[in-house]
Amino acid sequence: MQRVSLSRRRLLHASLFTPTFALLPPPLLAGEGWGGVKSLTGAFGETASFDAIVASASREGTRTFPTVAEAIAVAPANGTKPFRILITRGRWHEKLLIDKPHIHLIGEDRAGSVLTYDASAGMARPDGQPWGTWGCASVTVRAPDFRASNLAIENAFDYVGNLAAPKFEPIGPNGAQAVALMLDAGSDRAAFDRVDFHGHQDTLFADAGRSFFRACRIAGSVDFIFGGGNALFEQCELHSRFRPGKERQGYVAVPCTPSAQAYGLTFVRCRLTRDAEIPDGSVALGRAWRPGRTFPDGKYGDPDAVGAAVYLDCWMDAHLDARGWDEMGYTARDGQRVMLRPEEARLFEYGSSGPGANRADSRRVLMRERVASYSRERVLDGWAPV
């Protein structure tokens, strides 16, 4: 992560203090999905259900394409209804840009239908310049109403190998940022159901619009769920990966939420798990990020970034630090390097359980009367993804 998007995000005006009758959305049923996805379970052979299929061999009855990008290319530029693409089993090594509305990617197999690429921030683009965090994503979404289900999205950059022998230009701290999914300017109402996200540093970059993640698995180490967008995660697994030789193994949630935006990264009934090698107490719940941005009077940490992240009724393994949150450095307007402390941002939890749910003064608990403000309808500002 090295700079902030220049576009202004959608401002949410929901009050954080108005109670509702239902504190949280009801539990979801195992295997529950959106209507269209649920109806396809066990019926992928019925090709008429799709507008396009990505496969290595043609399938009768529906247009078949050898790459995901070619399937996306035939979708209407300004479509008003879902354009449904079946991703068959395979590792589809492509750097994808979703810049058309209503693209729906549906995997044939959650573990076997994999969208993958391997660019890191410090790697060179075709023009010789580094990709940077904003450019390295395997999948970038810049259009509204994108959906993905029953597949995996990964950045396969060799992060651990690069720790042992760094070889790329430093961008930010190390150049090893390698984003799997980026929700960029133009994205809104992006929804993900039963999707696995694989990466290490900066796996999932939710930087714009509203997004909803249900029954997903996000795996990474450093700052692996981050950004300034409004992202709601329900019943997801947030899995910390091992970093050899590192005392601080990583950070889970790293928001840079604009100050006028009510919601940032919201985790409801999620599970925080770890690789077996990760020691107890070595991972932070997160830290607030103040990205560098260029202003008329210079480049410095964006003072409008007041990160918001909340864990509600989440189970946490013992790898979570008893102190909860860490501070994070940024460049101040006067050029000095200063630390943004957790208490200067909007970092809270409520109803945490498990061996990592230890209490400390630095772990601020959300007041009970505010929990009602985190219902799905309130967080997503009336958008109903299911």
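Tutor: A nonpolar core is a set of buried Ala, Val, Leu, Ile, Met, Phe, Trp, Tyr and Cys residues joined through side-chain atoms within 4.5 Å. Buried means under 20% relative accessible area, exposed over 50%, partly exposed in between (1.4 Å probe, protein chains only). This is a predicted model, where local features need pLDDT of at least 70, side-chain atom pairs count only at pLDDT 80 or more, and totals for chains, interfaces and linings use all residues. Residues are numbered from 1 along each chain as its sequence is written, and side-chain values use heavy atoms, leaving out hydrogens and water.

Student: How many residues has the largest nonpolar core?

Tutor: The largest nonpolar core has 61 residues. Phe 192, Phe 213, Phe 233 and Tyr 311 have the most contacts inside it. Strand β11 (residues 190-198) gives this core its largest share, four residues. Strands (E, at least two residues) and helices (H or I, at least four) are DSSP runs, numbered from the N terminus. A second, separate core has 20 residues, including Cys 136, Phe 205, Phe 226 and Trp 289.

Student: Which residues is Phe 233 in contact with, leaving aside its neighbours within four places in sequence?

Tutor: Contact means heavy atoms within 4.5 Å. On that basis, Phe 233 touches Leu 204, Phe 213, Ile 218, Ile 225, Leu 265, Thr 266, Phe 267, Val 268 and Cys 270.

Student: What is the strand order in the open sheet of seven strands?

Tutor: Strands of a sheet pair through backbone hydrogen bonds, either parallel or antiparallel. Two strands count as paired if DSSP finds at least two bridges between them. Here the order is β5-β8-β10-β12-β15-β18-β21, with parallel pairing. The edge strands, β5 (96-98) and β21 (283-286), each pair on one side only.

Student: What joins β18 to β15 and to β21?

Tutor: Three bridges join β15 (residues 225-227) to β18, and the two run parallel. Gly 227 stands opposite Pro 255 in β18. Strand β18 (residues 250-255) also pairs with β21 in the parallel sense, over three bridges. There, Ala 253 faces Gly 286 in β21.

Student: Is β18 mostly covered or mostly uncovered?

Tutor: Mostly covered: six of its six residues are buried.

Student: Where is Gln 177 placed?

Tutor: Gln 177 is in the loop between α3 (159-164) and β10 (181-183). Gln 177 is buried, with a relative accessible area of 0%. A polar atom of its side chain lies 3.3 Å from the backbone nitrogen of Gly 175.

Key:
A polar contact is a pair of N or O atoms within 3.5 Å; within protein, one must be able to donate a hydrogen and the other to accept it, and residues adjacent in sequence count only if both atoms are side-chain atoms.
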